[in-house]
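Me: Hi, could you help me read through a structure? I'd like to go slowly.

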Amino acid sequence: MRNVTVLIACLFTASVSAAESNGEYIARISDCVACHTAEGGAAMAGGKRFPTPVGDIYSTNITPDKTHGIGNYSYDDFEKAVRQGIAKDGHPLYPAMPYPSYSKLSDADVQALYSYFMHDVKPSAEPNKENAIPWLISARWPLHIWNWLFTDAPTAAVEGNKADDTAVRVKRGAYLVEGPGHCGSCHTPRGVAMNEKAYTNADAEYLSGAMIDGWYAPSLRGTGMSEQALTSLLLTGKSKHAAVSGSMSEVVSQSTQYLTDEDATAIAQYLLSLKSTKTEPARTTAATASWSNSPEAGKVTYNRYCSTCHGLEGKGTDDNAPSLIHNPLVMVDDPTPLFRVIAHGAETPTTRGNVSFKMPAYGGLLSDSEMRDVINYVRKSWGEGNGEVSQEDLSGIKKASH
């Protein structure tokens with residue numbers, strides 16, 4: 001009898017350990033670690049600042065501390081917070097927490113997350129920070145209306161599984177992208193109420209590209225990239241001809257680099273299954289555009305500072321500096337992301353087994369007129385008809401970027 005009891009105990013311990021291990025994986029690929037860990041702070045103890053149009057929001061302590069964290073949450077409390085955005089005391093969470101996407105998490109994954117947070121995350125007594133939202137607009141009750149208008153009730157997830165069948169892998173990729181990965185939070189345009197315009201591939205707006213925090217999250221529909229290039233970007237932040245920058249660097253370093261090879265492939269195959277259905281707006285071609293300052297004035301600056309890595313023809317250097325041809329930061333109408341990379345520099349994430357590539361910042365080296373000219377040269381050469389950036393435009397971009 002004693003042997004049977006020991007066997008049952010061992011099996012129970014093994015199942016809990018497996019759940020916690022899977023929970024840690026789901027926490028990683030769901031960006032829980034990145035969003036709920038402040039720089040220099042304890043893991044999952046909150047305090048990370050998120051600027052929003054209504055004021056700064058700070059992520060909360062989600063360690064199992066019973067005073068400041070979620071240590072008193074039952075599984076039902078936890079599930080309601082994750083999938084519906086409702087805290088234990090009944091107040092709605094701000095939708096900076098991507099619960100509209102997390103509503104698609106499977107029961108097994110939510111249970112694994114709960115087990116991981118309650119048993120494997122170290123408790124922290126770090127108090128939660130007050131959000132910096134003016135009191136006139138800080139009331140939470142309107143969020144109940146927002147949820148009713150813009151989010152769907154949690155639905156049973158269809159995960160697929162890791163198999164050789166392409167259709168099954170695509171289904172798994174859809175689950176990861178639309179659910180835990182919440183890729184639409186950045187790559188899907190927002191409505192007037194800051195709602196994502198779509199949460200699934202059933203709508204062509206989903207993953208069709210959007211500006212966020214002065215960076216461009218490009219359309220993931222009809223990327224024209226290979227499966228290998230997409231998986232490489234997810235796992236390392238760079239591929240043979242492309243590299244991530246801006247907030248996506250943190251996503252890679254804190255989240256997607258931890259994807260298994262099978263899941264990274266599943267995501268790539270799902271994204272490749274998406275077709276671009278948006279018609280690009282008509283643009284004035286570079287050949288007929290009216291320029292008050294010739295973009296050719298930027299050619300000398302480009303050749304001096306940029307061509308060493310990106311090449312005279314903008315093709316980049318394999319597995320190092322990204323190509324400027326079909327580069328989303330160059331092709332997007334808004335020149336802000338291109339300015340930010342040139343002025344402030346950029347760095348690909350350091351991931352397991354991969355060192356980062358760093359582009360230096362030229363904001364303190366180039367004059368405003370040189371900056372304007374090189375931006376216009378790059379946009380005319382590889383921006384497929386993007387118009388001129390004036391000195392006034394540049395001044396506004398600089399002010400907004402500080």
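This is a predicted model: local features need pLDDT of at least 70, side-chain atom pairs count only at pLDDT 80 or more; totals for chains, interfaces and linings use all residues.

Reply: A definition comes first: helices (H or I, at least four residues) and strands (E, at least two) are DSSP runs, numbered from the N terminus.

Me: ok, and what is phi of Asp 213?

Reply: Phi of Asp 213 is near 55 degrees, which is a positive value in a residue other than glycine. His 326 also has a positive phi, near 60 degrees, and is likewise a residue other than glycine.

Me: where is His 326 found?

Reply: His 326 belongs to the loop between α13 (307–310) and α14 (328–331).

Me: is His 326 buried or exposed, and why?

Reply: His 326 has a relative accessible area of 56%, and because exposed means over 50%, this residue counts as exposed.

Me: and Ser 323, buried or exposed?

Reply: Ser 323 is placed in the loop between α13 and α14, and with a relative accessibility of 11% this serine counts as buried, because the cut-off for buried is under 20%.

Me: which residues does Ser 323 touch?

Reply: Leaving aside residues up to four places away in sequence, Ser 323 touches His 241, Gly 314, Lys 315 and Gly 316. With Gly 314 there is also a polar contact, in which a polar atom of the side chain of Ser 323 lies 3.3 Å from the backbone oxygen of Gly 314.

Me: switching to helices, at what angle do α15 and α17 pack?

Reply: Helix α15 (residues 336–344) and helix α17 (residues 391–401) pack at an angle of about 70 degrees, and their axes are 10 Å apart. The two helices are therefore roughly perpendicular to each other, since angles of 65 to 115 degrees count that way. The crossing of α15 and α17 is right-handed.

Me: which residues meet there?

Reply: From α15, Thr 336, Phe 339, Arg 340 and His 344 meet Leu 394, Ile 397, Lys 398 and Ser 401 of α17.

Me: last one, zooming out: how many helices and strands, and how much of the chain is buried?

Reply: The secondary structure of the chain comes to 17 helices and six strands, and buried residues make up 45% of its 402 residues. As for contacts in the chain with a separation of 6 or more, 61% of them are between residues 24 or more positions apart. The chain exposes about 20400 Å², of which carbon and sulfur atoms supply 56%.

Key: Residues are numbered from 1 along each chain as its sequence is written. Side-chain values use heavy atoms; hydrogens and water are left out. Buried means under 20% relative accessible area, exposed over 50%, partly exposed in between (1.4 Å probe, protein chains only). Contact means heavy atoms within 4.5 Å. Accessible areas come from the Shrake-Rupley method with a 1.4 Å probe; for residues, only the protein chains shown count as cover. A polar contact is a pair of N or O atoms within 3.5 Å; within protein, one must be able to donate a hydrogen and the other to accept it, and residues adjacent in sequence count only if both atoms are side-chain atoms. Axes are lines fitted to C-alpha atoms, for helices over the stretch in contact, and angles run from 0 to 180 degrees between N-to-C directions. Angles under 35 degrees count as roughly parallel, over 145 as roughly antiparallel, 65 to 115 as roughly perpendicular and the rest as oblique. A crossing is left-handed if the near helix is turned anticlockwise from the far one by less than a right angle, and right-handed if clockwise.
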